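Please look over the model below. My notes follow as numbered points.

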Amino acid sequence: VKAILRAHVVSGACLVIGIAVIAALPSFMGAFETRNMSQVGLYFIALLGLNIVTGYSGQISLGQGAFMGVGGYTTAFLATEHGWGVWWTIPVAAVIAGVSGFLFGIPALRLHGPYLALGTFALAVAFVDLVRSDRFVDVTGGSQGLFFGLPEAPYYETWGIALGALLVAWLVLAGKFGRALKAVRDAELAAVSSGLNPAVFKTLAFALSATYAGVAGALLVIQLGSVNYLVFVPTLSITLLVGTALGGFGLLFGTIFGALFIQYAPLKAEEWANEVGLSNELPPSVTYGVFLLLVLFLMPGGAAQLVLRVRGLFSTTKQRYTRPTVGEGTTQRSDT
Amino acid sequence: MRKAALLFVAAAGSLVFGLTGAAGGAEATPGVTAKVVTIGGTFPLSGPAASYAPIARGIVAYYSYENATKRGADKARGCGGRQVKYIVEDDAFNPTQTVTKTIKLVQQDKVFATVGGLGTEPQQQVRAYLNKNGIPQVYVSTGATFWGSQQKEWKWTIGWQPDYQGEGAIYGRRIKAQTPNAKIAIIYQNDDYGKDYIAGLEAGLGSNKSQIVATRGYNLTDASVAPQLLALRGSGADTLMIFATPTHTIRTYATLRAIGWKPANVYLNSVSATDTFMTLALANSNAATVNGSISVQYLKDPASPEWANDAGMNLYKQIMGKYLPNAKVTDGLYLYGFAKARSFCNVLDSIPKGKLTRASLMAKVLNFTETNKLNPFFLPGVSSTTSKSDKFPLSAERLIEFENGGWKAVGQLVDPRPSKKK
């Protein structure tokens with residue numbers, strides 16, 4: 001009991017420090033950095049959602065970008081066609097994305113491991129063609145997209161919502177629901193035999209994850225002031241999964257590292273390539289790839305696990321921590 | 001009381017701005033110092049459209065040359081008496097990145113103007129931001145017609161290359177004049193880009209619009225264009241229009257060969273008609289399929305032997321050899337970058353050094369004539385003109401035909417928008 005209490009105190013303290021840092025940052029940053037950090041905030045939300053479905057319920061989703069797109073297009077449509085204030089569109093975007101996730105989750109459950117990954121990726125690929133096709137031009141603006149405002153950097157609004165999203169995820173996952181998800185992930189047969197219906201929990205996880213994505217997508221579109229099909233391309237979904245992996249599957253606080261990586265790695269890779277004078281020889285994506293490999297080598301299991309490991313060095317009660325295996329519902333974890 | 005507080009805030013604010021602006025001179029135009037003018041643009045150096053990256057490399061190489069060479073009326077290095085610092089930002093053809101990188105160019109790099117930014121959708125997504133802040137967005141690297149037709153609403157934005165509708169109209173007029181009984185089938189990219197071309201073709205055909213017997217669109221993510229081409233062949237058409245982007249153009253040629261369809265006439269839009277892509281088309285189909293294709297061009301083709309002894313081409317090769325020694329010199333996209341960089345350099349040259357502001361730049365860009373003498377990378381006779389009634393800078397193209405691995409000129413220069421001419 002003492003250990004649990006102490007763990008909560010530590011996490012609480014970390015959270016308070018984190019909030020203080022984020023609240024104070026804009027005073028030290030220029031307009032451009034503030035904008036970057038606003039985007040980190042929305043990636044943070046998207047990654048939290050993806051972590052619920054991938055990290056906690058053990059399903060690999062390569063469709064998170066499409067659910068962001070559902071949210072983003074909802075916001076753009078309501079703002080452009082119906083003149084809504086952008087902030088009022090967020091709840092609607094969340095609900096529509098969540099319902100889409102729920103509906104997609106029902107058939108998706110029949111797929112496992114790599115097949116689920118492929119199924120969700122198909123969603124990401126199809127989404128681009130759907131929104132730019134003529135059939136939905138009245139809603140999506142076709143290949144031109146929708147324009148309703150100027151790029152903005154709503155820093156505090158984004159991080160306020162991110163904090164709320166973090167607390168909700170924390171509460172949900174710490175309770176019965178979270179335990180059930182982990183049980184389904186780690187030992188599906190055992191979960192079934194103890195009366196859990198894996199299908200229900202997986203679908204709910206999918207819906208919750210998509211809701212988060214919807215909010216993130218809405219925020220992204222608000223920050224752009226416009227949307228078109230190129231915003232939510234399949235590579236976004238891949239990037240988000242990479243971000244989740246870097247943060248650490250099944251570890252909420254690692255998500256912040258993943259979000260920072262998504263936003264800053266491409267920017268910094270390019271700057272670095274320019275400084276070294278490689279920019280004429282190598283596309284920035286190659287430097288980005290090298291960055292990614294380095295991070296994966298240095299921090300297998302993600303940033304969160306690195307922190308845990310460092311903490312483990314100083315703690316008296318040796319906590320053994322192994323990287324959770326994702327996608328195989330039968331692997332045992334030793335830390336739970 | 002409140003007024004006083006406001007005044008105080010305003011004073012404090014202007015103090016802060018004054019301090020940050022002090023480095024560049026308080027009154028100065030952003031990006032312009034006595035010695036340097038800083039400009040930039042976003043390009044897909046990575047991602048699905050990375051094949052356009054040579055344009056950015058070409059622009060940078062050309063300014064490296066200008067910065068080291070005494071040229072122009074003032075016999076000074078650089079353009080308009082200043083060194084040109086051109087900042088390339090990679091947006092991976094993703095508008096989220098385009099917005100971020102454009103704001104970086106404006107807020108962090110403090111560019112004077114964005115020049116040559118690439119891609120219809122990405123550039124369209126930063127147009128409102130740049131116009132709202134009065135930052136020139138000139139010579140965008142896209143041929144969508146609206147850059148010209150909407151110039152009056154977006155005062156800080158203008159295109160450069162001949163527009164897609166104008167090009168489509170050239171094909172339409174040629175078909176109407178030469179093969180009025182031909183039956184036309186169209187394969188096109190199913191978006192505004194493809195439709196821009198179709199609208200132009202229909203305008204060019206005029207009363208002969210009914211010559212079009214079948215149209216089929218493909219989506220950017222389609223792996224195959226066989227269903228479209230089979231349907232088009234079934235329509236009995238003898239003339240095929242390919243209004244596509246490079247990947248699907250190559251795929252179209254490969255499929256034509258595979259299904260054994262050889263239309264009497266094939267028209268190919270200029271976007272895909274560069275040496276690099278045609279070589280790939282040839283490799284993926286065969287000479288019989290690709291030969292005879294008709295397209296247009298407005299710049300000199302570095303792959304064509306036609307320019308072996310041309311001064312402009314020699315300059316191009318010399319600069320490429322010095323600044324991009326490992327690049328593929330026959331790739332026309334580098335030359336496109338050169339031509340565009342030179343166009344902007346010419347504008348700078350024509351503004352007195354002390355008078356360079358964002359407003360004076362736009363005034364010049366919107367009322368400017370640049371002949372082939374000023375820009376040795378244009379085809380002979382091609383010029384770039386803007387005036388009160390003409391917001392389409394480059395306005396002459398030449399029909400070309402693909403033969404034995406290269407393009408050959410057929411006929412004189414034509415104006416894509418003859419009605420605009422005075």
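Which helix gives the most to the lining of the second largest cavity? Point 3 has the reply.

1. Ground rules. This is a predicted model, where local features need pLDDT of at least 70, side-chain atom pairs count only at pLDDT 80 or more, and totals for chains, interfaces and linings use all residues. Residues are numbered from 1 along each chain as its sequence is written, chains are lettered from A, and side-chain values use heavy atoms, without hydrogens or water.

2. Helix α3 (residues 95-108) of chain B. Its 14 residues should span 20 Å at 1.5 Å a residue, and the end C-alpha atoms are 19 Å apart, which agrees. Of these 14 residues, 12 are buried (under 20% relative accessible area, 1.4 Å probe, protein chains only). Among them are B:Thr102 and B:Leu105. B:Asn94 caps the N-terminal end, with a side-chain oxygen 2.9 Å from the backbone nitrogen of B:Thr96. After the helix comes B:Lys110, with a positive phi near 50°.

3. Second largest cavity. Its volume is about 40 Å³. A cavity is a set of points on a 1 Å grid where a 1.4 Å probe fits but cannot get out; lining residues have an atom within 4 Å of a point. B:Thr102 and B:Leu105 are part of the lining, including also B:Gly41 and B:Gln123. α4(B) gives the most, with 3 residues. The lining has 3 nonpolar, 5 polar and no charged residues, with Gly counted as polar.

4. Largest cavity. The volume is about 50 Å³. Of its 13 lining residues, B:Trp147, B:Gly148, B:Gly159, B:Gln161 and B:Phe392 lie nearest the centre.

Key: Helices (H or I, at least four residues) and strands (E, at least two) are DSSP runs, numbered from the N terminus. The expected span of a helix is 1.5 Å times one less than its number of residues. Buried means under 20% relative accessible area, exposed over 50%, partly exposed in between (1.4 Å probe, protein chains only). A polar contact is a pair of N or O atoms within 3.5 Å; within protein, one must be able to donate a hydrogen and the other to accept it, and residues adjacent in sequence count only if both atoms are side-chain atoms. On a 1 Å grid over the protein atoms alone, a cavity is a set of points where a 1.4 Å probe fits but cannot get out, and a pocket is an open set with protein on both sides within 12 Å along at least five of seven lines; lining residues have an atom within 4 Å of a point. Grid points are joined across faces, edges and corners, and a volume is the space filled by probe spheres set on the points.
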